[in-house]
Every structure is written in C-alpha cells, then in structure tokens.
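The entries below are kept in the order in which I made them.

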Amino acid sequence: MSNATSSGSEVSRQADHSDDEGLNQFLGPLQELFARRAWSDCLALLDEAESLFPFSGKISVERGRVHEEMGDWEKAETCYWQSVQTPFRPVPESFLALAQIKYLTGDRNKILWFLEEGLAHFPGDNGLLRESGIQNGLQGRWWIALPRLRQAAETRPENPQNLLAYGALIERLGIPELIPGLIPTYQALANQDPSNLEFQILYGRALEKNNQPRKALKHVRALLKTNPKNPALLKEIGRLLLNINEYTRAVDSFRMAIEAGETSAETHYFIALSYKMSGKPLSGIESARKAISLDPENAEYIMLLGLLHIDLQDPEKANQVLQSTNESYPFRSLGDLYLHKKLKDHAIVAFSNAFEKEPDPYTGNILMKLLSEKKDWFLFFETIAWMEILFPEQIARKYRATNLLNRWETEQEDRLTPQEKLAIRGISLYFSGKPEQAIPILEQAVLADPLSEVLYWILGISEEQSGKAEQAFEWYRRVLPSTREPVTLFHSMARVHLRSGGGFAGLDRIFDEFKAHYSSRPGFYRVLHEWAIRAENRNKAAEILIEGMTTHPEDTSLYELFRHYHPDLSEISTPQSLSPETGRSPAV
C-alpha cells in the first residue's frame with residue numbers, strides 16, 4: 001500500500017513539473033506584452049492559458065499583476081487571493097504578491113504573515129527567504145532576519161537584491177565577525193554590474209569598514225577616470241579623504257562635486273567638518289550654515305555650527321546656536337571654552353545643561369568642582385546626589401570628605417532658605433555615612449519641598465542601606481510618575497523588590513507601572529534581562545530580549561545581548577506570544 005502511494009505521489013510530481021514547463025512555454029509572450037503595456041492582449045493570453053491549465057495559481061498571479069499595472073488594486077488582490085485558495089495550486093509568487101499588496105495599501109501588519117505562510121509551503125524559495133528576512137529585520141526580529149538573508153544570498157548570489165539585503169543587514173547590526181564578509185558580498189555586486197556606480201561605492205565602503213581606506217580610495221579614483229565629473233564619485237572621494245585626515249584635498253573634492261551638480265546638505269556639512277578638523281573653523285561657518293539652510297532640522301549640522309563657534313572662541317554665538325539641540329557633547333565643549341575664558345558662572349550653566357541632557361561622570365565631577373569653588377552649596381549637593389544615584393563609584397573621593405560636606409554651614413548658611421538647609425543637612429548626613437540620621441531630616445525636607453525629586457531618591461537609598469526594603473521601595477515609587485531617570489529608577493525598584501524576597505514575576509507588575517507613565521524604551525528590557533540573569537532564569541532572559549527587540553527594532557544593542565544565547569547566529573523558533581499578528585487565513 002505504501003509503495004503504491006509513493007509511486008502515485010511521484011507520478012503526480014512529474015505531472016506537475018510537466019504542466020509547469022508547458023505553462024511557462026505558453027506564457028512566453030507575456031513578458032513582451034507587459035513591456036508594450038498591451039493589457040488587453042495580456043488578459044486574452046491568460047484566459048486562453050486558463051482553459052488549458054485550469055486552477056493554476058501562476059495564471060491567477062499573472063492576471064493580478066496585469067490588474068495592478070492597470071491600477072485596479074481590488075481586482076489584483078482578488079486574483080492573488082484566488083491563487084492560494086482551493087482548488088488552485090499556489091506558487092511562491094502568490095504570497096509575495098499578497099504581501100506586496102498589503103505593503104502598498106498600508107496594511108503592514110499582514111505583510112509578514114503572508115511571507116511566513118508562503119515559507120511554510122515553499123521553505124526554500126529564495127524570494128520568500130529574502131523578503132521575509134527584510135520584513136523580520138524591520139520588526140526587530142534579527143535572529144530570524146540574519147539567517148534567512150544569509151541563506152538567500154548564499155543560494156542565489158547572482159541576484160543583486162539578495163546581496164544588497166544581506167550586506168545592509170550586516171552593516172545595520174555591526175557584528176564584528178561578519179563585517180569582513182561585506183567585501184566579497186559587495187565585490188560580487190560590483191562584478192555583476194561594473195557600470196553600476198552605487199554597487200562600486202558599496203564595495204569601496206566595504207573595504208573602508210575593514211580598515212582598508214586607501215584601497216577603497218584607489219578603487220573609487222579608478223572609477224573617476226571613466227566618469228571624471230560624476231558628483232557621487234567626487235563626493236565619495238572627498239568623504240574617504242576626510243576619514244584619512246587629508247582635509248584640504250577632501251574640501252577640493254567636495255567642491256568639485258558641488259560644481260558637478262551635487263546638491264545635498266551633507267556635502268556642505270562635510271566641507272564644514274573638514275575645515276573644523278583642519279583647524280580652520282572660520283572657513284567652515286558658511287558651509288555649516290548652508291547645510292542647515294538645506295536641512296534645518298538636522299541636529300548634527302546645528303551641533304557642528306555651534307562647535308565651530310566654540311573653536312572661534314565665541315561662546316555667545318555658540319550658546320545661541322546650540323539652544324535647539326538635545327545633545328550634551330557641545331555643551332561640555334562650551335563649558336570648557338567658558339573655563340578657558342575664566343567665565344566660571346557661564347561654565348556652570350553650560351555644564352549643568354550637559355549634565356541634565358545626558359549625565360556623565362566627567363561633567364558631574366567638574367560641575368561639583370565649580371560649584372564648591374563658587375560656594376553654591378545647594379546646587380553642589382543636588383549634583384553630588386545625582387552622581388550618587390547614577391555613578392556612585394565615580395564620585396571623586398575629595399567630594400565625600402567630611403570637611404567639605406560641612407563647609408556649607410559656615411560659608412553659605414545665611415543665604416539659604418529653611419527648605420534648602422533641611423535638604424543639604426539631610427544629604428550631607430547621608431554622605432557622611434549616617435543614613436539613619438539622614439532619614440528623618442530628609443523626610444522633613446520632602447514635606448517642605450515635595451517637588452524635589454533628588455530627595456526621594458536619597459531617602460530610598462538611605463532606607464536601603466538601613467535594611468528597610470519596604471520603605472525604600474515606597475520612596476522610589478513616589479517619584480515614578482515624573483522621574484527624569486525612569487530606567488535607573490526601574491533598576492532600583494527591581495533591585496529592592498528582588499533582594500527583599502519578591503519573585504521575578506513581580507517585576508512584570510512594576511514594569512506595567514512604568515509603561516503606564518512612560519513610553520517604552522530599550523533600557524527597561526535591559527533591566528529585566530539583567531535581573532533574569534541574576535535569578536538564573538536563562539529562558540526568561542532570552543524571551544525578554546526578544547520582546548525588547550520587536551518593541552524597539554531601531555535599537556540593535558539588544559541583539560548584541562541576545563547573541564550570547566545563540567552565538568552561531570542560527571534561526572530559532574519564536575515564542576507563540578511573540579509571533580507575527582495573524583490576519584485572514586487563506587484556505588490553501
């Protein structure tokens with residue numbers, strides 16, 4: 001019986017193959033009719049083909065393509081759906097076409113579903129591997145995207161779309177051991193179509209990413225011999241020269257690119273950057289302004305203009321320019337300039353701006369130095385408290401000294417409000433190693449100034465150090481609705497919860513509280529992952545990262561953590577709860 005069944009299946013497969021060959025031969029003229037946009041003739045040929053090859057999914061797909069070209073999306077989708085429904089025999093193009101329709105009509109939740117369904121029926125199809133890999137990558141499902149795009153590129157390297165997609169993913173993820181693979185990947189592209197300058201530039205950039213910038217420069221210059229006034233090549237040569245510190249020649253190449261028709265804001269930005277790096281900030285001002293005029297919202301261009309003014313020793317103009325940027329780095333540079341000009345009050349404002357936008361130990365310590373010299377003890381203690389919250393191991397030892405902590409009482413007490421005195425006294429007691437004495441003072445300070453976030457933090461830390469986990473947790477919770485450091489707060493609350501005997505499941509409830517007040521952010525998932533690892537719950541740790549990656553597909557750093565679980569970079573199954581959203585199911 002089994003032999004008969006096997007034999008029957010083989011006969012069926014042979015018949016299907018014969019039909020496919022016959023149908024492909026019959027539809028041979030279709031490509032030429034498409035080129036002539038002879039839609040009526042296309043439909044007539046497909047009608048005739050259907051009478052000879054009934055229930056062919058391929059014919060339905062081709063008919064859908066015709067309707068799509070004619071602008072009739074509804075008929076096109078109907079044809080594509082028909083191709084996957086009984087009694088029709090679907091083809092890989094059926095699922096690719098349905099996914100494309102959903103993309104064009106904006107129903108992106110269904111795109112991945114159709115591609116996954118197609119792969120379930122045609123596991124090795126190259127087009128489905130590539131397109132599902134791309135869509136999985138767009139949704140942060142890197143652990144699926146990478147092996148599929150790699151397989152697509154390895155099985156059909158002659159298809160440039162496969163190589164482009166795989167190369168782009170390697171660049172996006174930045175996995176060190178895969179970066180060398182960019183060279184053969186993009187070299188294959190360049191060899192397939194030597195006239196395609198985009199492919200040639202990609203190959204040059206692959207060389208550059210693998211620490212071969214001069215070889216990349218030689219490659220692009222060779223292309224310029226046959227395209228002497230090509231703006232894209234001139235710009236690329238300029239960029240390579242800039243990156244190997246040949247600034248004067250870089251500017252020359254960028255200017256030649258502009259003369260040849262290059263109009264992008266980026267080119268003017270590169271000119272300004274070249275001048276800055278070569279120590280000629282005044283020459284870069286005009287180009288920086290031109291870049292901003294072409295792209296007014298670009299924070300990088302604005303920041304460069306501010307830094308050029310800093311290099312010109314013009315802090316007032318720099319400060320004016322930088323007010324619209326959220327980056328902390330230029331404000332640190334501005335603070336350094338003010339210090340150089342011995343304008344310490346202005347430096348304090350600049351460093352305070354930087355520390356608020358993106359706290360870091362260097363800025364915190366220099367800010368404490370300036371504030372202690374100025375004897376602005378209220379801001380000093382607020383800053384050292386934030387340093388204790390964010391960087392407790394990196395506070396300079398001298399700022400923890402008792403004699404420094406007590407100076408405020410003799411040097412500024414008469415200029416402090418009663419609320420400020422309470423706050424400073426409580427914080428100084430904490431830093432003097434007396435958390436239990438600090439707590440009642442800080443409690444009074446909170447009542448006097450309930451909007452001071454830092455007081456709640458120090459109360460929580462003091463309660464923790466006194467072994468009172470429940471009280472610490474409640475103090476932390478008080479600032480949950482409006483903290484400026486939600487990820488750090490989540491970490492602190494998770495720490496107290498787990499160390500006081502709370503189960504890991506309780507972290508989900510805390511996480512829900514944070515999500516009720518803040519937009520999701522990758523740091524929340526890093527915190528959950530860290531505590532899952534500490535609880536030796538490896539499976540849960542991996543699931544947390546999977547959820548984080550799909551929630552934040554723009555952040556590839558979560559994938560860096562995830563790779564520790566799957567260093568071979570192979571595809572793994574996804575928990576059912578995280579599978580793509582399902583839609584209408586075709587009856588295949």
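My notes on the model follow.

**Basis.** I am working with a predicted model, in which local features need pLDDT of at least 70 and side-chain atom pairs count only at pLDDT 80 or more, while totals for chains, interfaces and linings use all residues. Residues are numbered from 1 along each chain as its sequence is written, and side-chain values use heavy atoms, with hydrogens and water left out.

I then listed the contacts of Phe514 (heavy atoms within 4.5 Å): leaving aside neighbours within four places in sequence, Phe514 meets Leu480, Pro486, Leu489, Phe490, Met493 and Phe524.

**Backbone.** I noted a cis peptide bond between Thr86 and Pro87, with omega about 10°, and placed Pro87 in the loop between H5 and helix H6 (92-104). Phe55, which is not a glycine, has a positive phi near 60°; Phe55 sits in the loop between helix H3 (39-52) and helix H4 (57-69) and is partly exposed at 42% relative accessible area. Gln313 likewise has a positive phi, of about 60°, without being a glycine, and belongs to the loop between helix H18 (299-311) and helix H19 (315-322).

**Charged pairs.** I recorded 33 salt bridges in the structure, each a side-chain nitrogen of Lys or Arg within 4 Å of a carboxyl oxygen of Asp or Glu. Glu208 and Arg239 pair at 2.7 Å, N to O; because Glu208 lies in helix H12 (residues 197-209) and Arg239 in helix H14 (residues 231-243), the pair ties together parts that are 31 residues apart in sequence. Both Glu208 and Arg239 are buried.

Asp360 forms a salt bridge with Arg332, with the closest N and O atoms 3.3 Å apart. Asp360 counts as buried at 16% relative accessibility, and Arg332 is buried at 18%. My last entry is a network of salt bridges that links Glu77, Lys102, Asp107 and Lys110.

How values were computed. Helices (H or I, at least four residues) and strands (E, at least two) are DSSP runs, numbered from the N terminus. Buried means under 20% relative accessible area, exposed over 50%, partly exposed in between (1.4 Å probe, protein chains only).
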